[in-house]
Amino acid sequence: MSKYIELTIGGETVRKHRRDVKKDAHILAGIPDRPCRIFEASAGSAILSRQLKDQGHQVAISNYYPQGFQDIEEHHADLNKPLDLPDNTFDVIICREVIEHVESVPHTLREFHRILKDGGSLILTFPNRLQIRSRFLHLFSGFYRGMKSPINLDVPMGEAHINLIGYPEMDYFLRKLGYSIENVDASYFQASDKIFLLLKPLIALTTYYYLLKYKKKAQEHDKTKPENVAYNRYIAKTLLSNALFLGKDVIVTATKQPAE
């Protein structure tokens, strides 16, 4: 069976990897069932955005290297800088396998928050650095899946995974910048990784110990307050879910909270 399937988008036949079809199905599930104003950051060939346009959504995209689309609104944008887009404009923002390329994750998330309407959704996907196979790779090599060796010095800044962070850091950034987390999932799995489920009870034991018991009054990591304990339990439960334990990507749906 071919790894690719053919889709008709905007009257054009395109080939799409089955892995991308699965990821995009998760993204599409997070978009409201009504016409929305949608922005996709660094959309590349914009296959997903053109698919959304065909479904009746009003779509805009950005690219660092503009593609010159005639049928879709495209903005030249460097996600490391302020976006030349007005506040409170979009119902949905999609950032698909891009955030790990930016120099400052909080800056980019802050800009998305600014241009997103109150109650709007940010759908964010990125490599799962803490997936179980990736943890073993890090143990034996010092590198994670998604960046298995040093970035070559002749690679321009941002074309490689220069900011490969784990889900706990991303959760922290999102909440501190005014988002609430609605859903955390994954779409890309390798069947052979199920063997690692045998280790899950031991990993769960050590995860809960370090997140709830170890150095309970450490600076910036206090584990005596009920709200901190509850948050750490949530992080542990999320990391130990089959989605993040086995999944090679992370798909987060977050909502912009109205300013207080």
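The crossing of α6 and α7 is right-handed, where right-handed denotes that the near helix is turned clockwise from the far one by less than a right angle, and left-handed anticlockwise. The model is predicted: local features require pLDDT of at least 70, side-chain atom pairs count only at pLDDT 80 or more, and totals for chains, interfaces and linings use all residues. Residues are numbered from 1 along each chain as its sequence is written, and side-chain values use heavy atoms, with hydrogens and water left out.

**Exercise 1.** Determine how α6 is oriented against α7, and which residues make the contact.

*Solution.* Helices are DSSP runs of H or I with at least four residues, strands are runs of E with at least two, and both are numbered from the N terminus. Axes are lines fitted to C-alpha atoms, for helices over the stretch in contact, and angles run from 0 to 180 degrees between N-to-C directions. The axes of α6 (residues 200–212) and α7 (residues 226–240) come within 10 Å and cross at roughly 160°. Therefore α6 is roughly antiparallel to α7, given that angles under 35 degrees count as roughly parallel, over 145 as roughly antiparallel, 65 to 115 as roughly perpendicular and the rest as oblique. In contact terms (heavy atoms within 4.5 Å), α6 contributes Lys200, Ile203, Ala204, Thr207, Tyr208, Leu211 and Leu212, and α7 contributes Val229, Asn232, Arg233, Ile235, Ala236, Lys237 and Leu240.

**Exercise 2.** Classify the packing of α5 against α7.

*Solution.* The two helices pack at an angle of about 135°, and their axes are 10 Å apart. Hence α5 is oblique to α7. This crossing of α5 and α7 is right-handed. On the α5 side, Tyr167, Pro168, Asp171, Tyr172 and Arg175 take part, meeting Tyr231, Tyr234, Ile235, Thr238 and Leu239 of α7.

**Exercise 3.** State the strand order of the open sheet and identify its edge strands.

*Solution.* Seven strands, with mixed pairing, are ordered β5-β4-β3-β6-β7-β9-β8; two strands pair if DSSP finds at least two bridges between them. The edges are β5 (73–76) and β8 (179–185), each of which pairs on one side only. On average, neighbouring strands are turned by 20° against each other, direction ignored.

**Exercise 4.** Describe the salt bridge of Lys117 with Asp91.

*Solution.* A salt bridge requires a side-chain nitrogen of Lys or Arg within 4 Å of a carboxyl oxygen of Asp or Glu. For Lys117 and Asp91, the closest N and O atoms are 3.3 Å apart. Lys117 lies in strand β7 and Asp91 in strand β6, 26 residues apart, and the pair links distant parts of the chain.
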